[in-house]
There are 2 protein chains.
Amino acid sequence: MLLPEPIQNLINALERLPGIGPKSASRLAFYFLRADESLSAELAESLTGLKDKIAFCSECFNITDAGRQRCEICENPKRDASIICVLEDALDVLALERIGAFQGKYHVLQGVLNPIEGIGPDDLKIRPLVERVARGGVREVILATNPSMEGDATALYIGQRLAALGVSVTRLARGLPMGGDLEYADQSTLLRALQGRQEMS
Amino acid sequence: MLLPEPIQNLINALERLPGIGPKSASRLAFYFLRADESLSAELAESLTGLKDKIAFCSECFNITDAGRQRCEICENPKRDASIICVLEDALDVLALERIGAFQGKYHVLQGVLNPIEGIGPDDLKIRPLVERVARGGVREVILATNPSMEGDATALYIGQRLAALGVSVTRLARGLPMGGDLEYADQSTLLRALQGRQEMS
């Protein structure tokens, strides 16, 4: 049986999203049919011209409203410009902001080094970071890329690029996550937790 | 930090979808930002006026293209009209069609009885089913609602309504699913499998 074309088109579009397979796509498509019309209308509207409605901060490359030169955080004089936290993408900024403990500024790389996918240093916002640090006034750069192969390689590369600039370069701590279980921790996490053990205060 | 409004709107719309929590919603929203413009454009287009583009078959209540009176299956003279498979929704029709073993016709209830949510017999396409069977020419009705409390209650109710019409009323078999493991089967499934055991041929 063939589905009506409008539904099939919707399923095809939904299937292109990450984490949504054929089954979830059909389930979602049929949900739209049953649900209030406002649901599909709102989603359609917020998707239309999405990229034109947002811009990237010219300093930290975080997302911001279209027409803005710099994002709210970069423009906030209360934020400490001497400490820069380097992140893979804008979602990581959200995660950091949520804990509310970081008062410095950010730098969003917009990706990680990934030779297999052909993503090299020039595809990321690494050069603007080096220039930003070279302009002075920065005392610490926290490399907060993800604890993955790509994240580590990217941090290593950036660390080398920043080495000559006389700033302190740090990396987020590795170890057991809160609520985790020693027994279920993978070997690499447990090894890092052991190597990074700290004196009890 | 506040997200740019267009992104926040998109996240809010995505969060209204079933199975998509706040985290998946933000991840998806940022995916749209990075991905090719065609992704959001296609999805927006297929969502716009979705409900106006499709219709329900006047005989079996399966979905079909707008402007059509009867669906492809109901109009297909090769399908056996003497056997009707009763399903909860149009997705179930897809599932049955996929196995390719059923050559009869369908009847989509568009839901199940659910007293807690206030869904009674008149909210479903039960009356049209009874009328359809009463018009004659039907010898078997397969009640293929889901093997759940609501599905069973709905099948029981429909079975009683059809009792006087002299048709054979059947229900899909219960038992262990293929590839399942006896050890992990829930008690109720195992009980059904035992009760429904069959002579080896």
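Author: Start with where the chains meet. This is a predicted model. The contact takes 46 residues from chain B and 46 residues from chain A.

Reader: What makes up the side of chain B that touches chain A?
Author: Several elements of chain B each supply at least two residues. They are helix H1 (5-15), helix H2 (22-34), H3, H4, strand S2 (63-65), helix H5 (72-75) and H6. By kind, the residues on this side of chain B divide into 27 nonpolar, 8 polar and 11 charged.

Reader: How do you know that the copies meet through the same surface?
Author: Compare the interface residues. Of those in chain B, 100% are also interface residues in chain A, so the surface is the same in both copies.

Reader: What rotation and what shift superpose chain B on chain A?
Author: The rotation is 179°, and the shift along its axis is 0.0 Å. The RMSD is 0.1 Å. The two copies are therefore related as by a two-fold rotation axis. In chain B, the C-alpha nearest the axis belongs to Ala44(B), 2.0 Å from it.

Reader: Which residues have the most contacts inside the largest nonpolar core?
Author: That core has 88 residues. The ones with the most contacts inside it are Leu10(A), Leu14(A), Val86(A), Leu10(B), Leu14(B) and Val86(B). In soluble globular proteins, nonpolar side chains tend to be buried together.

Reader: What is Leu10(A) in contact with, leaving aside neighbours within four places in sequence?
Author: In chain A, Leu10(A) is in contact with Ala29(A) and Phe32(A). In chain B, its contacts are Ser46(B), Leu47(B) and Leu50(B).

Reader: How does the reach of helix H2 of chain A compare with the span expected at 1.5 Å a residue?
Author: H2 covers residues 22-34, which is 13 residues. From its first C-alpha to its last it reaches 19 Å.

Reader: Which residues of H2(A) are buried, and where do they sit around the axis?
Author: The buried ones are Ser26(A), Leu28(A), Ala29(A) and Phe32(A). They cover an arc of only 160° around the axis, so they lie on the same side of H2(A). An α-helix has 3.6 residues a turn, so residues three or four places apart point the same way. The face of H2(A) turned away from the buried side carries the exposed residues Lys23(A) and Arg34(A).

Reader: What do the buried residues of H2(A) pack against?
Author: In chain A, they pack against helix H1 (5-15) and helix H3 (37-47). In chain B, their partners are helix H3 (37-47), helix H4 (50-53) and helix H6 (90-99).

Reader: Which residues of helix H7 of chain A are buried, and what puts them on the same side?
Author: In H7 (residues 126-134), the buried residues are Ile126(A), Leu129(A) and Val133(A). Their arc around the axis is only 55°, which puts them on the same side of H7(A). The face turned away carries the exposed residues Arg127(A), Glu131(A) and Ala134(A). The buried residues of H7(A) pack against strand S3 (80-87), S4, strand S5 (140-143) and helix H8 (149-162) of chain A. After H7(A) comes Gly136(A), whose phi is positive, near 95°.

Reader: Why is Lys105(A) called buried?
Author: Count C-beta atoms. Lys105(A) has 21 others within 10 Å. The cut-off is 20 or more, so Lys105(A) is buried. Lys105(A) is in strand S4 (residues 104-108) of chain A. Its contacts beyond four places in sequence are Cys60(A), Ile73(A), Cys74(A), Arg79(A), Ala81(A) and Ile84(A). Asp80(A) is 25 residues from Lys105(A) along the chain, and their C-alpha atoms are separated by 6.4 Å.

Reader: Why does Gln110(A) count as partly exposed?
Author: Gln110(A) has 18 C-beta neighbours inside 10 Å. Buried needs 20 or more, and exposed means 12 or fewer. The count for Gln110(A) falls in between, so it is partly exposed. Gln110(A) is in the loop between S4 and H7 of chain A.

Technical notes:
Residues numbered from 1 in each chain as written. Chains lettered and ligands numbered in written order. Predicted model: local features only at pLDDT ≥ 70, side-chain atom pairs only at ≥ 80, totals over all residues. Helix = DSSP H or I, 4+ residues; strand = E, 2+ residues; numbered from the N terminus. Expected span 1.5 Å × (residues − 1). Arc of directions from axis to C-beta. Contact = placed C-beta atoms within 7 Å. Nonpolar A, V, L, I, M, F, W, Y, C, P; charged D, E, K, R; others polar. Core = buried A, V, L, I, M, F, W, Y, C linked by C-beta atoms within 7 Å. Least-squares fit on C-alpha atoms with pLDDT ≥ 70 in both.
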